[in-house]
Amino acid sequence: MMAVSFPRLAEVFSGLAVEVAELLVDEDPRLARTIQDLRFYGRCTCTPTCPVLLTAPAGSPSPGVIELERDGDPIALLNFDPAGRSVTGIEVLDGRDLSIPSA
């Protein structure tokens, strides 16, 4: 049985990963440095249009939230793990296209 390998978020949504890291650096520089290495576990499946991108396996604990804004407009909500070391999901709030690019 082969292990499943998940792509990095930056490989699937490169522009979003860069923007999230840039906006997060003032809030939490250590967490911002982890964004480019996050794995992408797919989109949340709670509804067909859910704007949450999973960067940890579904069901991972994510009690912390950081709201990222650009010019006063919310861009994304980041959920992070209880220890505050890793982003577990990104809820995209600005309506951008979240279609998964074809390979």
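**Exercise 1.** Determine where Asp-71 is found and whether Asp-71 counts as buried or exposed.

*Solution.* Step 1: Asp-71 is found in the loop between strand 3 (64-70) and strand 4 (73-80), strands being DSSP runs of E with at least two residues and helices runs of H or I with at least four, numbered from the N terminus. Step 2: the relative accessibility of Asp-71 is 75%, so Asp-71 counts as exposed; buried means under 20% relative accessible area, exposed over 50% and partly exposed in between (1.4 Å probe, protein chains only).

The model is predicted: local features need pLDDT of at least 70 and side-chain atom pairs pLDDT 80 or more, while totals for chains, interfaces and linings use all residues. Residues are numbered from 1 along each chain, and side-chain values use heavy atoms, without hydrogens and water.

**Exercise 2.** Classify the aromatic pairs of the structure and locate their rings.

*Solution.* Step 1: the whole structure holds 2 aromatic pairs (ring centres within 6.5 Å; planes under 30 degrees apart are stacked, over 60 edge-to-face, the rest tilted). Step 2: the centres of Phe-6 and Tyr-41 lie 4.4 Å apart with planes at 35°, so this pair is tilted. Phe-6 belongs to the segment before helix 1 (9-12) and Tyr-41 to the loop between helix 3 (29-32) and strand 1 (42-43), 35 residues apart. Phe-6 is partly exposed at 31%, as is Tyr-41 at 29%. Step 3: Phe-13 and Phe-40 are edge-to-face, with 5.6 Å between centres and 85° between planes. Phe-13 lies in the loop between helix 1 and helix 2 (14-24) and Phe-40 in the loop between helix 3 and strand 1, so the pair ties together parts 27 residues apart in sequence. Both Phe-13 and Phe-40 are buried.

Conventions:
Phe/Tyr/Trp six-rings, centres within 6.5 Å; stacked < 30°, edge-to-face > 60°.
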